[in-house]
Structures are given as structure tokens and as C-alpha cells.
Amino acid sequence: MRSLVLLLAASVASASLLPSISLNLPSSAFPKFHTISQADAEAGNDLPEGFSNSTRVNALEAAATVQTAAEAACSASPNVRFEWRQYSASDRLAFIAAIKCLMNKPPSGNFPPATSRYEDFVRLHQMDMPNVHGNPKFLIWHRYYLWTFEQVLRTECGFDRAMVWWDETLDAGKFAQSDMFTNTAYFGHLPPPDANGNGYCIESGAFAGLTCHIGPGSSNTPHCLARAVDESLTAQCNTGFVNTCNSRTSYSDMESCSEYGPHAYGHDGIGAVMSDVSASPSDPVFWMHHTFVDHGFRIWQNADVADRTTTINGNDHNGNPLTMDTMVSVGGIRPDVRIGDIMNTLSGVSIGGVPFCYRYTY
Ligand SMILES: [Cu+2]
């Protein structure tokens with residue numbers, strides 16, 4: 001009996017000394033994103049019914065669009081999202097620290113089985129997966145999801161810097177060389193897969209040893225934060241592919257190209273957890289990647305602001321047409337909004353008392 005007690009005491013002691021080691025899942029456990037090639041995108045092969053018409057309203061209607069007071073106030077001093085290279089070391093560390101802060105906060109309880117406030121966001125994404133992927137709601141929903149995440153960093157973790165974005169076109173084909181991954185203060189390394197094509201648990205950087213409790217897919221099996229880079233896929237996050245998408249004139253056509261083009265290649269290129277459509281926000285680099293996607297959307301809008309911030313087309317997951325009155329929900333983390341409130345990043349519309357108001361540095 002005494003020896004059993006000693007044995008138990010010894011095992012408890014050694015367990016508390018060891019870092020918790022979570023399961024490294026094989027890459028086959030992570031359902032990949034659907035991709036299309038740039039050549040197929042140029043040919044419109046992702047659009048079974050062909051290119052749809054531009055949503056351009058007639059010139060008179062566009063000219064009649066007047067700036068609201070909220071827009072005017074926003075334009076005077078918008079929040080600016082800085083590209084990673086122009087983001088100071090201090091800002092970078094503050095951003096990373098705020099994400100870690102969310103990981104160390106308890107879950108709200110509204111998104112079981114999330115184990116932290118950070119995982120509330122992962123679970124929300126997993127639950128909404130079919131509604132906000134594979135259809136034109138993808139871009140507008142992720143715009144609001146990203147903004148909501150930023151607000152929660154600010155209100156719950158004291159983040160008080162400008163927001164960041166990642167110009168992936170500058171790192172296409174060589175993501176792993178970015179100091180986002182090579183500098184051990186940031187996101188941790190980006191290793192190639194092992195001989196069996198599986199990822200490695202991330203043991204460097206600010207998120208070393210992270211256990212993910214949401215995913216893969218629709219299951220929830222604790223696993224390590226793993227990556228497995230394929231630079232032939234990250235190479236598709238290039239300027240030419242982005243321009244191919246942005247040359248499309250209707251929202252829904254551009255959305256399809258962006259979602260299955262550069263967006264999907266960035267996820268699959270980073271690999272492992274990031275290639276899990278449902279639970280990819282488990283990897284904090286998800287937020288950086290989605291700033292790149294939202295940037296592409298805004299640049300497309302800038303080519304015809306009057307139209308592209310005031311109209312939308314395409315159908316949602318259930319086949320209902322998207323309109324400016326279609327609601328966008330982030331599960332109550334912030335209020336539900338109309339698409340028309342957030343189609344313009346400079347709308348200045350008050351959401352829970354905070355104006356929706358940002359632009360990108362370029
Ligand atoms: Cu997503």
C-alpha cells in the first residue's frame with residue numbers, strides 16, 4: 001500500500017514537471033480547402049453559369065450616393081491597418097501578447113466545448129463553417145469576424161495599437177522565410193512536412209506547445225498546433241492571382257476566385273491546422289492570413305467605390321440572394337449587423353458604440 005502511494009505521488013510529481021504533450025494528428029486528419037488554379041480562374045471555370053454581370057447600378061444612382069455624417073467622421077480619422085513590415089517590434093509584440101491573453105482567459109460558456117476565450121472564436125467558426133464558406137457570404141462574414149476579433153483583443157486584453165495586416169504577395173513561395181516565423185518572438189516556425197507528409201507540432205515562438213481543443217473538422221479532439229508548409233502552394237498567393245480575382249467585375253465572381261484561389265492556397269500552404277477548413281483559426285496565423293484576404297476585397301472595392309461598397313450579389317448557403325439588408329452574425333460576440341453596415345470599411349456605422357472604420361496602409 002505504501003509503495004502504491006509513493007508510486008502515485010511520484011507520477012503526479014513527474015506529470016506536473018513535464019510539459020503537456022498533445023497529439024500530433026496526421027495531415028489526413030485535416031480536411032483541405034478546395035482550390036482552383038489561376039488558369040481556371042482566368043477562364044472562369046469556377047463559375048458554372050459563367051461570369052455574372054457587374055452589379056454596377058446606373059450612373060445616376062451612383063452619383064446620388066451621398067456621404068453620411070458617420071462616413072464623413074470616419075474618413076477624417078480612420079483606423080489604419082499597417083503591413084507587418086511597417087509594424088514596429090513593439091506593436092508586433094503587443095499584438096501577439098493580446099492573442100496569448102485571450103488564450104489564457106476562460107471561455108464565455110456560449111461556445112462549448114471551447115476551453116478559452118480564444119477558442120470561443122474557433123468554435124464559432126467551426127459552427128458557422130457551411131454558412132460562411134463555399135458561397136459569397138465568405139468575404140463579408142470574414143471581414144466582420146476579423147473586426148470582432150480585433151475589438152475583443154482591445155476590450156478584453158487591452159490591445160491599444162493600430163491593427164496589422166500581412167501582404168502575402170511579398171512572401172509568396174517563401175512564407176517560411178518571413179520573420180513572422182523565423183523570429184522566435186512571433187508565430188513560431190513554419191516547417192516543411194515530415195517524410196510521411198505530416199506536420200510538426202510547433203515548439204518555438206509565442207505559441208510553442210499550444211493544444212487545440214476545437215477540430216479537426218467537425219470533431220473536437222485535442223491536438224497540437226501543427227504546421228507543414230508547401231511553398232508551391234504559398235506561391236499561389238501572388239500578385240498575379242490576386243489581380244486575376246480583382247479583375248472580375250461582380251462581387252460573387254471575385255469572391256469565388258479569392259476564396260478558392262489565394263485564400264485557399266494560403267491555408268493549405270501553411271498546412272496541418274491551417275488547412276482544416278472548420279478549425280483553422282486555432283492557428284493564430286489565421287488572423288494574419290485573413291487580413292490579406294480582406295485587403296484584397298477592399299482593393300477590389302477601391303476600383304469602383306461608389307458601386308462596390310453599396311451593392312452586393314450572389315446567393316447564400318441556402319440559395320437566398322444576398323442584399324445590403326442580409327444579416328451577418330458572430331454568435332453574439334458583437335451585435336448582428338447588416339451587410340450594408342460593413343460593406344464599406346469606412347462606413348463609420350456604430351456597432352455597439354464603436355465605429356466600423358478602417359483602411360489599409362496601401
Ligand atoms: Cu473561414
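Which residues does glutamate 203 touch, not counting residues up to four places away in sequence? In this predicted model, glutamate 203 touches Ala208 and Gly209 under that condition. Glutamate 203 itself lies in the loop that runs between β3 (200–201) and β4 (211–212). With 15 other C-beta atoms within 10 Å, glutamate 203 is partly exposed, a class that falls between the buried residues, which have 20 or more such atoms, and the exposed ones, which have 12 or fewer.

Two packed helices are described by the angle between their axes and the distance between the axes. Helix α7 (residues 137–157) packs with helix α12 (residues 285–302) at an angle of about 130°, and their axes are 10 Å apart. Angles over 145 degrees would count as roughly antiparallel and those from 65 to 115 as roughly perpendicular, and α7 and α12 are therefore oblique to each other. The crossing in which α7 passes α12 is left-handed. On the α7 side the contact involves Leu139, His142, Arg143, Leu146 and Phe149, which meet Trp287, His290, Thr291, Val293, Asp294 and Phe297 in α12. Sorted by class, this contact of α7 with α12 comprises six nonpolar, three polar and two charged residues.

Helix α12 also packs with helix α11 (residues 251–270), here at an angle of about 155° and with the axes 11 Å apart. That angle makes α11 roughly antiparallel to α12, and the crossing of these two helices is right-handed. From α11 the contact draws on Met254, Ser258, Pro262, His263, Gly266, His267 and Ile270, while α12 contributes Val285, His289, Phe292, Val293, Gly296, Phe297 and Trp300. By class, the contact of α11 with α12 has eight nonpolar and six polar residues, and no charged ones.

In an unreviewed UniProt entry, the annotation "domain: Tyrosinase copper-binding" covers residues 133–150 and 283–294. Over residues 133–150 the model is 78% helix and 0% strand, and the end C-alpha atoms of that span are 21 Å apart. For residues 283–294 the corresponding values are 83% helix and 0% strand, with the end C-alpha atoms 18 Å apart.

Notes. Residues numbered from 1 in each chain as written. Predicted model: local features only at pLDDT ≥ 70, side-chain atom pairs only at ≥ 80, totals over all residues. Axes fitted to C-alpha atoms, helices over the stretch in contact; angles between N-to-C directions. Helix = DSSP H or I, 4+ residues; strand = E, 2+ residues; numbered from the N terminus. Parallel < 35°, antiparallel > 145°, perpendicular 65-115°, else oblique. Left-handed = near helix turned anticlockwise from the far one by under 90°. Contact = placed C-beta atoms within 7 Å. Nonpolar A, V, L, I, M, F, W, Y, C, P; charged D, E, K, R; others polar. UniProt positions renumbered as here; feature names shortened; annotations may be inferred.
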